[in-house]
Amino acid sequence: MYQNTFETLAVETTLTSRQAIKNEKWQEIGKFFLQSYIEQIGKTETVVIGHIKGLIELGDENFIKLSCTSQNQPINSEIITADGSSRAGRLTFNGIVSGVPKDKSIQYFHMALERTCSVFELLTDYRESVHGDSKSDENEAEACPVCHGHHHHHDETCGHQH
């Protein structure tokens with residue numbers, strides 16, 4: 001069935017600036033991020049966007065809603081309070097797409113987030129963890145202090161680290 005081909009990605013992270021950013025600039029940042037993610041997943045020929053949503057919470061009753069349902073449509077954006085500024089925005093992201101494996105979707109999310117942080121000089125508390133990519137797992141993971149990684153086969157954990 002058609003609905004079964006969609007993968008869901010839900011991520012929450014906080015974006016932080018060294019100085020306060022006006023709410024309208026946060027809206028621009030959110031749209032830039034979503035557009036970057038859409039460009040990344042768009043490189044996959046078989047991609048179908050079900051719905052991609054973002055919410056940036058800026059503080060008491062200040063938030064920005066972002067939404068996209070097609071690569072060929074502009075990103076819908078609604079800012080609740082244009083006045084004000086904030087040093088941090090909590091981004092809640094939810095992407096429902098087909099034709100892109102979940103590990104790739106996470107990778108594209110990370111790439112879009114990294115690009116956004118670079119362009120707008122922001123920091124984030126998000127750290128990528130893509131399961132199933134054995135090369136990045138081996139390079140980034142610390143060896144188990146008990147078996148020193150010698151008993152890890154086919155991305156299975158040794159059980160010593162919990």
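This is a predicted model: local features need pLDDT of at least 70, side-chain atom pairs count only at pLDDT 80 or more; totals for chains, interfaces and linings use all residues.

Reply: Residues are numbered from 1 along each chain as its sequence is written, and side-chain values use heavy atoms, with hydrogens and water left out.

Me: What is the order of the strands in the open sheet?

Reply: Strands (E, at least two residues) and helices (H or I, at least four) are DSSP runs numbered from the N terminus, and two strands pair if DSSP finds at least two bridges between them. The open sheet has six strands with antiparallel pairing. Their order is E4-E3-E2-E5-E1-E6.

Me: Which strands stand at the edges?

Reply: In the order E4-E3-E2-E5-E1-E6, each edge strand has a single partner strand, so one side of each is left without a neighbour in the sheet. The edge strands are E4 (76–79) and E6 (123–124).

Me: How many bridges join E1 to E6?

Reply: Strand E1 (residues 6–22) runs antiparallel to E6. Thr16 has Leu123 as its bridge partner in E6, while Leu15 stands opposite Thr124. The number of bridges joining E1 to E6 is two.

Me: Which residue of E5 is the bridge partner of Lys53?

Reply: E2 and E5 pair in the antiparallel sense over nine bridges, and seven bridges join E2 to E3, also antiparallel. In E3, Lys53 has Ser67 as its bridge partner. In E5, the bridge partner of Lys53 is Asn94.

Me: At about what angle to E1 does helix H2 run?

Reply: Axes are lines fitted to C-alpha atoms, for helices over the stretch in contact (heavy atoms within 4.5 Å), and angles run from 0 to 180 degrees between N-to-C directions. Helix H1 (residues 23–41) runs at about 25° to E5. Helix H2 (residues 102–120) lies across E1, E5 and E6, and its angle to E1 is about 10°.

Me: How many disulfides does a search of the whole structure find?

Reply: A disulfide is a covalent bond between the sulfur atoms of two cysteines; here the criterion is a pair of cysteine sulfur atoms within 2.5 Å. Cys68 is buried (under 20% relative accessible area; exposed is over 50%, partly exposed in between; 1.4 Å probe, protein chains only), with a value of 1%. Cys117 is also buried, at 10%. The number of disulfides found in the whole structure is zero.
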